[in-house]
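This report describes a protein chain together with its ligand. The sequence and the structure are shown first, and the account follows.

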Amino acid sequence: MLVQRNLCRSRQFQLLWRSFNSHNIRGLREATQDKRWPGWEVVVGIEVHAQIKSRKKLFSDALTSRPGDPPNTFVSQFDAAFPGTLPKLNQKCVDLAIRAALALESYVQTRSTFDRKHYFYPDLPAGYQITQRYAPLAKGGYLTLSKHGIPVRIIQIQLEQDTAKSTFDARRRESHIDLNRAGSGLMEIVSEPDLRSPEEAGDYIRSLQALLRSVGSSDGNMEQGSLRCDVNVSVNRYGEPPGTRCEIKNLNSAKFAMIAITSEVFRHIELLDSGIPVPQETRGFNEDKAETFKLRSKEDAPDYRYMPDPNIPPLLLTESYIESIRQTMPELPDAQRARLITLGLSPRDADVLMTVDAGREVGFDGEPGKGAVAYFDELAQGRDPKLVVNWMTHDLLGQLSARKETFGDNPVSVLQLGELIDMVQDGKITGTSGKTILRHMISHPSDLSPSALVQELSLGALASDDSLSLRTWCAEAIEVHPDVADAIRKGNPRVLNRLVGSVMQRSRGRADAQTVRATLEAMLTNDH
Ligand SMILES: Nc1ncnc2c1ncn2[C@@H]1O[C@H](COP(=O)(O)OP(=O)(O)OP(=O)(O)O)[C@@H](O)[C@H]1O
Ligand SMILES: [Mg+2]
Ligand SMILES: [Mg+2]
């Protein structure tokens with residue numbers, strides 16, 4: 001996008017940007033026919049609900065809960081809708097939503113208001129949800145898709161309350177309500193219908209997730225439900241106006257969103273091909289059957305009876321307040337990715353670091369934690385960035401994920417891993433021992449230095465003059481694997497690795513693989 005930042009921020013620009021329709025925007029790109037549905041154009045707009053990463057709920061002092069917390073333990077009287085309780089807007093939630101808006105180049109309104117959206121469902125104790133339908137926190141903006149590189153316009157960003165959670169116990173035929181989530185802060189981020197394929201939609205969700213994480217507004221964890229989306233899908237023949245949209249509710253992964261859109265596109269095309277107009281509907285997604293199903297038609301759409309919430313005054317923000325939040329914004333993903341690649345990282349490694357489930361990438365309430373990229377930056381000070389990223393992605397992240405842990409659980413400090421890498425580089429320990437020590441540091445968290453652990457675990461590299469131990473291990477290996485040894489003597493060098501592996505095991509990784517190989521070769525050729 002060749003749009004200057006300051007221009008993007010102005011209200012005029014936002015209005016101009018919105019006055020484009022999605023076909024103008026697409027005009028900038030080539031209209032490419034999709035082989036899956038030749039002659040048809042697919043149009044998608046997405047509403048993302050992202051939980052705001054704040055310690056407290058949107059309108060009460062109750063703390064936000066995590067999945068797995070005992071039900072109904074994080075509830076204030078307000079969130080349970082006790083009569084006579086009043087909302088008090090949590091400033092942290094506003095600040096974090098402003099960060100998201102600024103990251104999306106959205107225009108933060110100096111005056112926004114709160115509305116009540118009424119519907120009756122057991123997971124909504126008050127019988128209405130407080131949201132910002134008419135004068136939202138921010139309007140306009142755009143997100144550049146990280147893979148496709150194209151801009152998708154944002155309509156608006158609104159603050160709203162999350163609902164409680166209801167589950168059905170089929171055996172006992174009981175519905176259970178857990179109010180822990182009720183009243184937590186959400187941002188609803190609504191896109192223009194600018195997306196043109198399931199893949200672009202998946203890219204949008206993942207790019208938005210990365211952006212929200214990087215500014216600390218949301219942890220964007222779709223599996224745990226902190227980021228959910230509704231996708232709106234329509235199809236039209238090329239050159240014709242957009243078709244009727246169907247909205248598929250509550251998708252909890254980018255992959256499912258892509259599958260749901262694909263199946264929905266085929267359903268629409270089938271209807272239109274047989275001369276039946278697509279009815280406007282709200283639909284659900286069946287993950288097992290990989291297809292959507294009807295929830296309700298437009299005629300049965302609830303009348304939400306929107307009204308201004310009389311208990312919450314308009315939210316007034318000064319330009320200087322918004323500016324002060326802008327000053328605290330971290331490096332955004334596009335810029336960060338470019339910087340990492342300039343340091344010599346492959347795009348894949350850059351993506352791994354950036355998308356690692358940081359858990360604590362940015363702490364609650366936007367307080368900086370140490371994410372994978374920050375950890376890398378510190379570790380790469382004075383070291384080869386490519387070497388450092390290998391240790392991080394293959395070894396550290398690899399070992400954490402083998403333990404089903406995330407980067408947020410990483411107990412190894414930058415200082416410890418740095419010293420470990422240096423010891424391997426300087427030949428004080430072998431790469432294999434380095435990995436063993438790292439595994440030990442992860443399973444026995446402490447602030448012991450790697451050199452102390454080398455002593456404790458007797459993992460110092462074998463002295464180069466310790467050829468006696470080496471020859472003993474090699475002889476043992478040859479003795480236990482006579483078939484392999486024979487095969488090598490008969491001129492099949494490929495099986496040598498099995499003997500090398502056996503010696504490495506005996507040396508507990510302290511021997512140098514090259515030396516082992518050479519010693520074995522020498523011993524096998526000389527013992528004829
Ligand atoms: N023809 C279309 N095809 C696909 N998506 C569309 C089309 N027209 C509009 N949309 C998308 O539909 C979404 C409408 O969301 P919005 O929140 O404004 O309203 P809603 O879905 O009616 O309300 P609610 O928030 O109650 O679900 C937007 O993301 C928009 O881009
Ligand atoms: Mg909506
Ligand atoms: Mg909707």
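A residue is called buried under 20% relative accessible area, exposed over 50%, and partly exposed in between. Ala81 has a relative accessible area of 27%, and therefore counts as partly exposed.

## Model and confidence

The structure is a predicted model. The mean pLDDT of the protein chain is 89, with 90% of its residues at 70 or more. For the model as a whole, the scores are ipTM 0.98 and pTM 0.73.

Where pLDDT is low, predicted coordinates should not be read in detail.

## Overall architecture

The protein chain has 528 residues, of which 48% are buried. Its secondary structure comprises 18 helices and 17 strands. Among contacts in the protein chain with a separation of 6 or more, 69% are between residues 24 or more positions apart. The chain exposes about 26,400 Å², and carbon and sulfur atoms supply 52% of that area.

## Surroundings of ligand 1

Ligand 1 is surrounded by 18 residues, the closest being Lys117, Ser191, Pro193, Ser234 and Glu247. By class, this shell has 8 charged, 5 polar and 5 nonpolar residues.

Two or more residues of the shell come from each of the strands β1 (40-51), β11 (185-191), β12 (227-237) and β13 (246-251). Strand β1 gives the largest share of the shell, with 4 residues.

## Residues with positive phi

Ala81 is not a glycine, yet its phi is positive, at about 65°. This residue sits in the loop between β1 and α4 (91-103).

Arg305 also has a positive phi, of about 45°, although it is not a glycine. Its place is the loop between β15 (291-297) and β16 (307-308). Arg305 has a relative accessible area of 44%, so it is partly exposed.

Tyr134 belongs to the loop between β5 (128-131) and β6 (138-139). Is Tyr134 buried or exposed? Because its relative accessibility is 54%, Tyr134 counts as exposed. Leaving aside residues up to four places away in sequence, Tyr134 touches Asp115 and Tyr306. Tyr134 and Ser324 are 190 residues apart in sequence, and their C-alpha atoms are 26 Å apart in space.

Lys386 lies in helix α11, which covers residues 385-402. With a relative accessible area of 49%, Lys386 is partly exposed. Between Lys386 and Gln161 the separation is 225 residues in sequence and 44 Å in space, C-alpha to C-alpha.

Methods. Residues numbered from 1 in each chain as written. Chains lettered and ligands numbered in written order. Predicted model: local features only at pLDDT ≥ 70, side-chain atom pairs only at ≥ 80, totals over all residues. Heavy atoms only, no water. pLDDT = per-residue confidence, 0-100. Near = heavy atom within 4 Å. Nonpolar A, V, L, I, M, F, W, Y, C, P; charged D, E, K, R; others polar. Buried < 20%, exposed > 50% of the residue type's maximum accessible area, 1.4 Å probe, protein only. Contact = heavy atoms within 4.5 Å. Areas by Shrake-Rupley, 256 points an atom, 1.4 Å probe, with all protein chains shown as cover.
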